[in-house]
Number of protein chains: 4
Amino acid sequence: MGVIDVGVLGATGMVGQQFLRLLDGHPLFRAAWLAASERSEGKRYRDAATWRLAGPIPPAAADAGMEACVPGKGPQLVFSALDARAADELEPAFAAAGHTVVSNARSFRMQDDVPLLIPEINPEHLALIDVQRRARGWRGAIVTNPNCSTVVLAMALAPLRQFGIRTVLTTTLQAVSGAGYPGVPSYDIVGNVIPGIGGEEEKIESEANKILGELRGERVAMHPAIVSAHTTRVPVIDGHTLTVSIAFERQPDVAAIASALESWRGRPQHLSLPSAPPAPIEVEREGLRPQPRLDVDRGRGMTITVGRIRPCPVLGMKFVAMGHNTIRGAAGAAILNAELMHADGWLELD
Amino acid sequence: MGVIDVGVLGATGMVGQQFLRLLDGHPLFRAAWLAASERSEGKRYRDAATWRLAGPIPPAAADAGMEACVPGKGPQLVFSALDARAADELEPAFAAAGHTVVSNARSFRMQDDVPLLIPEINPEHLALIDVQRRARGWRGAIVTNPNCSTVVLAMALAPLRQFGIRTVLTTTLQAVSGAGYPGVPSYDIVGNVIPGIGGEEEKIESEANKILGELRGERVAMHPAIVSAHTTRVPVIDGHTLTVSIAFERQPDVAAIASALESWRGRPQHLSLPSAPPAPIEVEREGLRPQPRLDVDRGRGMTITVGRIRPCPVLGMKFVAMGHNTIRGAAGAAILNAELMHADGWLELD
Amino acid sequence: MGVIDVGVLGATGMVGQQFLRLLDGHPLFRAAWLAASERSEGKRYRDAATWRLAGPIPPAAADAGMEACVPGKGPQLVFSALDARAADELEPAFAAAGHTVVSNARSFRMQDDVPLLIPEINPEHLALIDVQRRARGWRGAIVTNPNCSTVVLAMALAPLRQFGIRTVLTTTLQAVSGAGYPGVPSYDIVGNVIPGIGGEEEKIESEANKILGELRGERVAMHPAIVSAHTTRVPVIDGHTLTVSIAFERQPDVAAIASALESWRGRPQHLSLPSAPPAPIEVEREGLRPQPRLDVDRGRGMTITVGRIRPCPVLGMKFVAMGHNTIRGAAGAAILNAELMHADGWLELD
Amino acid sequence: MGVIDVGVLGATGMVGQQFLRLLDGHPLFRAAWLAASERSEGKRYRDAATWRLAGPIPPAAADAGMEACVPGKGPQLVFSALDARAADELEPAFAAAGHTVVSNARSFRMQDDVPLLIPEINPEHLALIDVQRRARGWRGAIVTNPNCSTVVLAMALAPLRQFGIRTVLTTTLQAVSGAGYPGVPSYDIVGNVIPGIGGEEEKIESEANKILGELRGERVAMHPAIVSAHTTRVPVIDGHTLTVSIAFERQPDVAAIASALESWRGRPQHLSLPSAPPAPIEVEREGLRPQPRLDVDRGRGMTITVGRIRPCPVLGMKFVAMGHNTIRGAAGAAILNAELMHADGWLELD
């Protein structure tokens, strides 16, 4: 079976660039069709985009001609790095035109018939694709990954559901790359902290429960945990750090938490999907870890690192979790979603 | 009544420098005796210290000759900017020799007969001085101010005791000046976050309840709130930011919280003490505030700023608080303590 | 003589805010008319602007109603914090309508009949106003201050003209506030250096020679020094640092350079203008200084600090100079220009 | 031929850790003997060192037992990551005991009979080893690599010697990792610039000319270029950036400079040494490059990137150069030196 041509919507932006970097040399997918706003149409990618990642533009992408985001054109599978405003209209149009849209945008994450997927946690939610197609009359589909800080939280919570998660209180220290480009003005953040991110707390408080929820018939029963988030922005380039306190129904001890986290494996690991890290979560027992600069690239950016697991006098247990917000929290998440869909037959055309 | 000569123990360090800066032109106190380790003895201050604060060395201090920390020498009132190891032995020796030691060190904060003072909150705790003198046979005394992040938390909690504080969960984002000098290596913190500070969480979890506690006879009955702290270090120079979630016995609404905080006044305000800010707490209703760079110098560094008061799905109410860690959280705190002691007659010699 | 009402064009931007902060409580000028783009018209200033400076919005400005930038309306004297694109058209229109425009924009700095003023250096260049009025038929006028890094360089060079400056080679390390707001994306600069700033090197290489030039009849004879600039952007909020190497015709020694710099005074000092610092340049003989964080606020942001004066094996002499780019390099510069114009009778109406 | 066992002196420090990281999986060398101060003796490496690099401790090193730095013990080839004070005594003692010491310390760089080596530039300087052995009566030898900012400068100059380099003026913007650990206190550098580094300017001004010099008989004739350096420290983790202006005897144009730089190859490339990058210098023609964060890892940290080549009004030509200060500027440099020595037969024992 050969390599599958894929498209990237919004290929010139920060997440778009991360898609191209991660797809370079990918064993299953080839970025064959790069689309962005009409302003870029007809240009070569290297001229349309200002490459902002370390390392060179992948050579195949550099000379590719840019396309407009026209539904029906381009490959069956398209990754969407569109911002929400563009995604609102374009993603349904692509799905209606028969494309499978594997999206990083927030637009459809919380719709009942749209999978909000973390392949290690809720691969069975892909069954919503059939619901979605019936409900909307699409041949294609939209599958989404969560917000960049929700990913870190949801992954750290998933292996702990066995203890009965009742409430979760988290404070995020989020990297500037999470705001896209140009994103956060340097005047606001150099030597400073911004104690809030517009709309982010609501996303964390709701998305986590959909991901951790159980598919019952044609919809997801939200996980009942109550989540409260304080968000902050800090002068870090990549890597969202979360302090997390949890109240459980059956309070485990520190060793049980650590063991549950680090022994956790999901379908990506069982299937050996190309982007799956050997362990989705690594536990660091020593030192003041995780730290973005030291730990963000574990598992090529796909591993969440947890450290400082200890009792919380208020809720019961607390720890720190950290993950790469533009890889595990954006482009890498979507690619892993597509790899799972490929393995499970969701990319096959009839 | 004239200006009172005071000494500064540990005058060459970061907090010592902040003492000298704040005492420059002070209407009550004059830094007349500067002491540090024996290495500095006999040098002029300008040669013994590397001045690290913005602005010049106060001229009076610059040419002062350095003394060794010898109990019995120097003025009756001494401010201590010693680190805990030096303070362990020197502060009791000074108190035994008749000095009133107003200390920023952590060494004696949690001892039963030592006031841990925030003048707006617990001025009556100064009565412990008599207990202390009796118990230890000292003519002098030790009075302490809290840890730099505890100050911010305790001040934000004090006006809310009326609603019955049951539990408090805080995450701190602490500035590097809080670690003294040389403190945090830049290699560890530039573009990074360190998710923990050794010993700091325990201090916050215990000190706050002593400050908020009630003096009953000869000791302080700890406030019963349960406090849990996550500490982090961020690349900020001055200003500790805390996210705070609180569970109350009688849940107030956002407006009641805001009103309680900003209308709060204490004895320093009633007495118009020289270092007292007009309002100990300012509430910022708009924007993503407080931010260290924008708000740290309010009230010449003595005001705590609170913002983003909003419901917390888990504990009930949440907000962000921020204050200047080397002014309200260290040297300014000690000076305000001494101003209160002066006003209340604790500096008078028989 | 009473306080003079002034207008501020572009009052909501970063430099506009700095104007309002510096004019608050000014003994000569009162910010009575705040103008910005039509989007702001009719709003109160506090609603039209997002205040980004430390400290509160000056109360008088906070509730002022915003005006559109309509020539002929508003006070005779207007400060312009417009960006170059807006200034290109609006500043001449205001001058033609009779306003004296004291501008921070780059648009007209290098025009032959427009003073490019640093009051300590070339106060006599104000005579160009008459040339300008005759040539353009204006009742008003445009007077400009230099680019924010040129100010630092030109001030450090001015007292050294006596030694015959032949060539100057400088590398700038510029703060992010110099790029305005939103300016430099944090993703580009946190933990990084950007080795160039578009158009800036040309400005430094040409503006300095006009400022240091001699007024001969109706135009300025450019100073003959050859200037070469490397510009870089660094993660600093305020304060441009320049390394400077100079070749002189008559090589002075280090002491002669230091003495020439620190004894230098200009008309602002002789006239005791309100914004004039006691000494325009301070020389720091010890340590690795100047540093933005420690020295940027000297003279309330109007003093340039020079340090590390030492021989340069290539050009003869080298040192480091640093100044506040949005005060001495922008709003403070324009206000000092207007103070000089007031003292010299250029603001009187016939 | 098998893999050669090597020792690392000072294995627990920052450069020592970089040695272990780079030697992990090295095809020629195996870090078989790890030595540090007596404090570490007998501990496992993982307990003796606090690992500060991204990624895990190389597994082979983690459990290795630490040795004391005793000459005569350990493998014939030892890499030295000692600081200068320790190197002063230990390196000659190791050389006298028969070890070949490939050192990153500054102690012996400028001694007449010690090679100061950049394998692409002056591989023939290794002949000094024979001079050294005769003069000192050693069976072993000391070979050094230059200071971390000198490497960047010397490599950018080497291909341009053909045009006759007369004078060079450089300003460095140096990363904090260059100061080792704990190195620069964060209080001094967050949001700040330090305009000088003790002793560094002299090193740059002298070392470059030894490297570029010609071996004549038993000593190196220093290259006659006059070099002047301004050094600064900036809040960057890895990557020293240099602005460079050069006066040539025969002024080339921009294209000739670019072509000379990017076509330059040395013996490491011809021999395909394991650590040799394909091109020692890459020229970036577009954008504001090089930037530490984007370009520091080119050639696995062994490539110097040059950009913004343009005329300099003062000296003739100017550009920006950047390289990885702890790889090409320290541990990687020493390893490449040893690889060249191996290829040229200097590691063979009689």
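Tutor: Two strands count as paired if DSSP finds at least two bridges between them. The model is a predicted one. In chain D, strand E5 (residues 100-103) is joined to E6(D) by 4 bridges, and the two strands run parallel. Within this pair, Ser103(D) stands opposite Thr144(D), a residue of E6(D).

The pair belongs to an open sheet of 6 strands in chain D, with parallel pairing and the order E3-E2-E1-E4-E5-E6. At the edges lie strand E3 (66-68) and strand E6 (141-144) of chain D, each of which pairs on one side only. From one strand to the next, the twist averages 30°.

Next, the relation of chain D to another copy. Chain D is superposed on chain C by a rotation of 180° with 0.0 Å of shift along its axis, at an RMSD of 0.0 Å. The two copies are therefore related as by a two-fold rotation axis. Both copies use the same surface, since 100% of the contact residues of chain D recur in chain C.

The domain layout is described for chain A. There the domain assignment gives domain 1 (4-147 + 331-343) and domain 2 (148-324). The C-alpha centres of domain 1 of chain A and domain 2 of chain A are 24 Å apart. Their contact takes 30 residues from domain 1 of chain A and 32 residues from domain 2 of chain A. On the domain 1 side of chain A, helix H12 (residues 327-343) of chain A supplies the largest share, 7 residues. By class, that side of domain 1 of chain A divides into 17 nonpolar, 6 polar and 7 charged residues.

Chain A also touches chain B. This contact takes 36 residues from chain A and 35 residues from chain B. On the side of chain B that touches chain A, the elements giving two or more residues are strand E7 (165-174), strand E10 (226-233), strand E11 (240-248), helix H11 (292-295), strand E13 (304-312) and strand E14 (316-323) of chain B. E10(B) gives the most to this side, with 5 residues. The side of chain B that touches chain A has 19 nonpolar, 12 polar and 4 charged residues.

Technical notes. Residues are numbered from 1 along each chain as its sequence is written. Chains are lettered from A and ligands numbered from 1 in the order in which they are written. This is a predicted model: local features need pLDDT of at least 70, side-chain atom pairs count only at pLDDT 80 or more; totals for chains, interfaces and linings use all residues. Domain bounds come from an automatic or database domain assignment. Two residues are in contact if their C-beta atoms, placed from the backbone, lie within 7 Å. Ala, Val, Leu, Ile, Met, Phe, Trp, Tyr, Cys and Pro count as nonpolar, Asp, Glu, Lys and Arg as charged, and the others, Gly among them, as polar. Copies are superposed by least squares on the C-alpha atoms of residues with pLDDT of at least 70 in both. Axes are lines fitted to C-alpha atoms, for helices over the stretch in contact, and angles run from 0 to 180 degrees between N-to-C directions.
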